[in-house]
Amino acid sequence: MPQPKTLDLDLLEWAANDPQKTATAQALIAICQGAIEIARLISMGRLAGNLGAARGGNTQGDVQKELDVRSNDILIEALRGTPVAALASEELEKPLIFDDRLPVVVALDPLDGSSNIDTNVSIGTIFSILPVLQGQPIQAAFLQPGSAQCAAGYVIYGPHTAIAFTTGNGTQIYTLDREKGSFIKSHPPVSIPASANEYAINASNYRHWSDSIRSYIDDCIGGKDGRRGQDANMRWIGSLVADCHRILVRGGVFLYPRDQRKTYENGRLRLTYEANPIAFLIEQSGGKATDGFRRIMDIEPETIHQRTPLIFGSASEVDRICAFKLDPSPESDISPLFANRGLLRS
């Protein structure tokens with residue numbers, strides 16, 4: 001019986017003797033080692049301390065939790081001494097430079113979904129690996145469009161710990177064998193179904209959305225009795241990695257649109273270390289990722305912590321949403337049930 005394939009060995013085999021690939025592989029292996037330590041902490045819950053306790057705020061105004069800070073520290077130490085030139089993180093105002101002569105940089109959300117720490121809901125680490133641009137300041141490496149990524153993915157800490165990642169040749173999922181301390185290949189290459197009957201959105205923000213997003217959601221609620229002609233189920237975890245993992249496994253669509261609230265006008269998720277790595281995974285799985293008008297991975301970041309709307313998932317459903325945004329149906333074309341006073345409209 002063949003031995004199960006470990007992520008470390010598969011990455012080194014993929015890298016062969018290519019310097020850029022070798023640097024990418026070593027950065028990925030280091031992220032995995034840091035993630036194993038984070039997973040250990042999370043599995044202990046309150047026995048590891050009050051991981052959900054507030055520790056102040058980061059430079060973007062978000063509340064930092066104890067586990068945010070500890071995860072950031074763990075990953076910094078894991079990446080120190082690897083071929084990583086610099087690290088950008090949600091928890092750091094500016095990139096941390098290790099050695100600007102090295103070939104790759106890493107951008108991280110060390111602990112995604114930290115509001116769920118105390119509720120024992122799946123949370124994760126999101127990462128993007130980018131090439132250093134020769135002859136340019138190291139900060140420029142972080143301002144490349146997502147299409148320049150060498151590799152990207154996330155680690156999800158749930159009932160089991162798994163990593164979903166891509167190096168540009170499909171999306172792979174490996175699961176942590178806690179006894180052996182290594183990630184083992186556990187899934188075939190991911191292929192997201194083209195169509196979907198599940199959508200993920202925070203419906204409490206309905207009144208703040210644009211008419212086009214509300215029209216799309218009204219159609220989902222209308223189900224088989226409305227224009228859509230098919231029932232749809234809503235799922236919302238409030239953890240980007242958990243919602244993405246569900247979509248990778250069984251399809252669906254995720255929406256975090258811009259809305260009318262202050263600081264949400266340009267979306268809420270970070271382009272460089274949240275939207276881009278998720279978009280890379282989704283596209284490599286046959287899905288699509290957009291801000292509603294543009295392909296996410298075509299957007300050139302202006303700042304490391306730039307925010308963006310994010311819509312991703314099954315390709316035909318993303319196309320449907322974009323059609324609503326580009327040409328919202330007139331009220332007269334909407335089923336009477338969802339006309340001027342839809343189920344959620346006041």
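Asn-120 lies in the loop between β5 (104–112) and β6 (123–131). Its phi is near 60°, a positive value in a residue other than glycine. This is a predicted model. A search of the whole structure finds zero disulfides, while the count of salt bridges comes to 19. The points below cover backbone angles, charged pairs, cysteines, a helix pair and two further helices.

**Positive phi**

- Most residues other than glycine have a negative phi.
- Asn-120 has a relative accessible area of 74%. That value makes Asn-120 exposed, because exposed means over 50%.
- Ala-16 is another non-glycine residue with a positive phi, near 50°. Ala-16 sits in the loop between α1 (7–15) and α2.
- Ala-16 is exposed too, with a relative accessible area of 52%.
- Gly-251 follows α5 and has a positive phi, near 85°.

**Salt bridges**

- Side chains of opposite charge can pair when their charged atoms come close.
- Glu-37 pairs with Arg-40 in a salt bridge, and the closest N and O atoms are 2.8 Å apart.
- Both Glu-37 and Arg-40 belong to helix α2 (residues 19–44). They are three residues apart, about one turn of the helix.
- An α-helix has 3.6 residues a turn, so residues three or four places apart point the same way.
- Glu-37 is partly exposed at 29% relative accessible area. Arg-40 is partly exposed at 39%.
- Arg-227 forms a salt bridge with Asp-219. Their closest N and O atoms are 3.0 Å apart.
- Arg-227 is partly exposed, with a relative accessible area of 34%. Asp-219 is buried, with a relative accessible area of 4%.
- Arg-295 and Asp-298 form a salt bridge, with 2.7 Å between the closest N and O atoms.
- Arg-295 is partly exposed at 32% relative accessibility, and Asp-298 is partly exposed at 48%.

**Cysteines**

- A disulfide is a covalent bond between the sulfur atoms of two cysteines.
- The search of the whole structure finds zero disulfides.
- Cys-32 is in no disulfide. The nearest cysteine sulfur belongs to Cys-150 and is 16 Å away.
- Cys-32 is buried, with a relative accessible area of 0%.
- Cys-322 is in no disulfide either. Its nearest cysteine sulfur, that of Cys-220, is 14 Å away.
- Cys-322 is buried, with a relative accessible area of 15%.

**Packing of α2 and α3**

- Two packed helices are described by the angle between their axes and the distance between the axes.
- For α2 and helix α3 (residues 66–79), the angle is about 145° and the axes are 8 Å apart.
- The crossing of α2 and α3 is right-handed.
- On the α2 side, the residues that meet α3 are Ala-27, Ala-30, Ile-31, Gly-34, Ala-35, Glu-37, Ile-38, Leu-41 and Ile-42.
- On the α3 side, Leu-67, Arg-70, Ser-71, Ile-74, Leu-75, Ala-78 and Leu-79 meet α2.
- The residues of this contact divide into 12 nonpolar, two polar and two charged.
- Glu-37 is one of the α2 residues in this contact, and Glu-37 also forms the salt bridge with Arg-40.

**Helix α5**

- Helix α5 (residues 240–250) is mostly covered, with nine of its 11 residues buried.
- The buried residues of α5 are Leu-240, Val-241, Ala-242, Asp-243, Cys-244, His-245, Arg-246, Ile-247 and Leu-248.

**Ala-275 in helix α6**

- Ala-275 is placed in helix α6 (residues 271–284).
- Ala-275 is buried, with a relative accessible area of 0%.
- Beyond its neighbours within four places in sequence, Ala-275 is in contact with Arg-270, Ile-296, Thr-308 and Leu-310.
- Ala-275 and Met-297 are 22 residues apart along the chain. Their C-alpha atoms are separated by 8.4 Å.

Notes
Residues numbered from 1 in each chain as written. Predicted model: local features only at pLDDT ≥ 70, side-chain atom pairs only at ≥ 80, totals over all residues. Heavy atoms only, no water. Salt bridge = Lys/Arg side-chain N within 4 Å of Asp/Glu carboxyl O. Helix = DSSP H or I, 4+ residues; strand = E, 2+ residues; numbered from the N terminus. Buried < 20%, exposed > 50% of the residue type's maximum accessible area, 1.4 Å probe, protein only. Disulfide = S-S within 2.5 Å. Contact = heavy atoms within 4.5 Å. Axes fitted to C-alpha atoms, helices over the stretch in contact; angles between N-to-C directions. Left-handed = near helix turned anticlockwise from the far one by under 90°. Nonpolar A, V, L, I, M, F, W, Y, C, P; charged D, E, K, R; others polar.
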